[in-house]
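Reader: I am new to reading structures. Please take a close look at one part for me, and keep it brisk.

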Amino acid sequence: MKDICVIGAGHVGLVSGVCFAELGSKLICVDNDTQKIKGLKRGILPFYEPGLEELVHQNMKQGRLSFTTSIEEGTRASDIIFIAVGTPQKPDGEADLTFVERVSQETAKAIDKYKLIVEKSTVPVKTGSWIRRTMRLNNAYNIDFDVASNPEFLREGSAIEDFMKPDRIVIGVENKRAADIMTELYSPLNAPIMVTNIETAELIKHASNSFLALKISYINAIANICEKVGGDVTQVAEGMGYDKRIGREFLNAGIGYGGYCFPKDLSAFTKVAEEVGYDFELLKAAQKINDLQRQQIVRKVKSVLWNLKGKTIGILGLSFKPNTDDIREAPSIEIIRQLQEDGAQIKAYDPQAMNNAKKVLHNVEYYSNPYQIAEDSDALVIITEWGEFKKLDLLRVKQLLRQSVIIDGRNILAPAEMKVLGFSYTGVGR
Ligand code: NAD
């Protein structure tokens with residue numbers, strides 16, 4: 001069993017690190033955020049992910065999981081070093097790889113014997129060669145190392161399950177030595193392992209995320225047609241989904257995608273294509289449709305409530321998707337800001353994301369349950385499809401609302417029932 005270091009204790013680094021520890025490896029997790037590491041050493045997690053806290057505590061207790069701010073300490077203690085730092089978007093859409101570069105330099109300076117350096121962050125194709133070059137330039141004693149790519153496909157909210165039961169594991173390598181180490185590492189998971197060159201592995205990740213975003217934008221485009229002609233997009237999606245070549249997943253019309261991955265990965269992939277002389281118009285169209293979906297929700301609120309000045313809008317859901325407290329690129333932020341610009345007062349509730357939202361949104365009143373949000377609001381807007389919003393006592397909601405208006409941005413309520421209850425109900429594409 002190889003000893004492992006994961007650099008970057010974020011949604012990917014912490015989850016994959018803890019899962020490797022759970023599978024029996026000795027794991028050291030590095031982050032340059034001293035507060036985060038201080039907390040982790042005391043068992044306090046920097047973000048919410050179902051089941052993660054228990055796994056962290058168990059593995060720390062069993063001595064398989066430790067934390068440090070020192071890349072040198074992590075590198076020296078390990079055989080395999082995973083780079084799982086952020087790869088944010090630059091203003092022009094390109095991926096910002098400065099964190100990956102910095103970590104590669106520091107790792108190169110710290111290596112004392114053969115190490116396998118694995119890029120786990122989502123990166124544009126050719127980043128692997130840059131990591132190798134950077135490592136060589138900073139590896140003063142010319143110590144042997146390999147570089148590999150091992151993109152991560154986990155989803156926030158079901159990250160542990162996704163890591164432990166992946167659809168596939170993609171390993172991009174330059175030689176058999178690296179392939180053997182990586183294949184052995186993942187063998188306990190019993191998942192299909194695909195070994196490719198590094199460029200192909202990098203492309204698989206960008207191509208997969210972009211395709212999923214396309215699928216979402218496609219059904220949102222269909223939703224817009226449905227609204228014009230009286231179709232029901234949820235039934236269209238069901239009808240399409242029975243076709244095995246299409247599949248039902250990722251065909252839920254709504255406010256569109258958000259989060260730390262799809263928006264930036266789509267932009268980065270569009271940029272990669274541009275750099276090699278290909279105009280990836282398909283991806284640009286998907287982004288445009290996604291932007292439009294957010295604006296549509298504000299338009300729908302206005303088309304029911306007329307003027308927003310002096311009105312109170314209750315927002316249900318702030319995280320970019322359920323079961324996470326992550327609000328990076330969450331549609332809620334842009335929608336709330338637009339509603340505020342039009343003069344609306346905002347009340348909001350989210351089961352997990354309110355603390356993060358408080359850091360970026362201003363003049364929002366937060367409450368601790370959906371019914372407090374409904375009370376004296378002129379409309380409820382559902383932005384995130386948390387399970388608890390699907391089970392609302394709608395009669396109670398109706399009594400509390402000033403006007404019986406619900407804008408359902410995720411199609412979680414049944415239009416027929418809403419009509420019987422006497423709501424003015426607006427979904428997406430039905
Ligand atoms: P994150 O922001 O949650 O975590 C990144 C961590 O890296 C942070 O804790 C940060 O402090 C740390 N870091 C940055 N620079 C550092 C340095 N020089 N030394 C040590 N630590 C450093 O990001 P994330 O969501 O975990 O994403 C990481 C990568 O994985 C990105 O490329 C992302 O696209 C990709 N990815 C994310 C998801 C997801 O669902 N979040 C899924 C698959 C892939």
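Into which domains is the chain divided?

Author: First, the ground rules. This is a predicted model, where local features need pLDDT of at least 70, side-chain atom pairs count only at pLDDT 80 or more, and totals for chains, interfaces and linings use all residues. Residues are numbered from 1 along each chain as its sequence is written, and side-chain values use heavy atoms, with hydrogens and water left out.

The chain is divided into domain 1 (4–196) and domain 2 (232–426). These bounds come from an automatic or database domain assignment. The C-alpha centres of the two domains lie 33 Å apart.

Now the interface. Here 18 residues of domain 1 are in contact with 19 residues of domain 2 (heavy atoms within 4.5 Å). About 1400 Å² is buried between domain 1 and domain 2, and carbon and sulfur atoms give 51% of that. Buried area is the accessible area (1.4 Å probe) that two parts lose on being put together, summed over both. Tyr48, Gln89 and Glu156 supply 39% of the area that domain 1 buries against domain 2, more than any other three residues.

Look at Glu156 again. Its side chain meets that of Arg328 in a salt bridge (3.7 Å, N to O). The term means a side-chain nitrogen of Lys or Arg within 4 Å of a carboxyl oxygen of Asp or Glu. Between domain 1 and domain 2 the count is one salt bridge.

Glu156 also leads us to the ligand. A polar side-chain atom of Glu156 lies 2.8 Å from a nitrogen atom of the ligand. Backbone atoms take part too. A polar backbone atom of Val12 is 2.8 Å from a ligand oxygen. For Thr122, a backbone N or O atom lies 2.9 Å from an oxygen atom of the ligand. Taken alone, the ligand exposes 830 Å², and the protein buries 92% of that (Shrake-Rupley method, 1.4 Å probe).

Step back to the whole shell. Of the 25 residues around the ligand, Asp31, Lys36, Thr87, Glu156 and Lys264 come nearest (a heavy atom within 4 Å counts as near). Domain 1 and domain 2 each give at least three residues to this shell.

Note on methods. A polar contact is a pair of N or O atoms within 3.5 Å; within protein, one must be able to donate a hydrogen and the other to accept it, and residues adjacent in sequence count only if both atoms are side-chain atoms.
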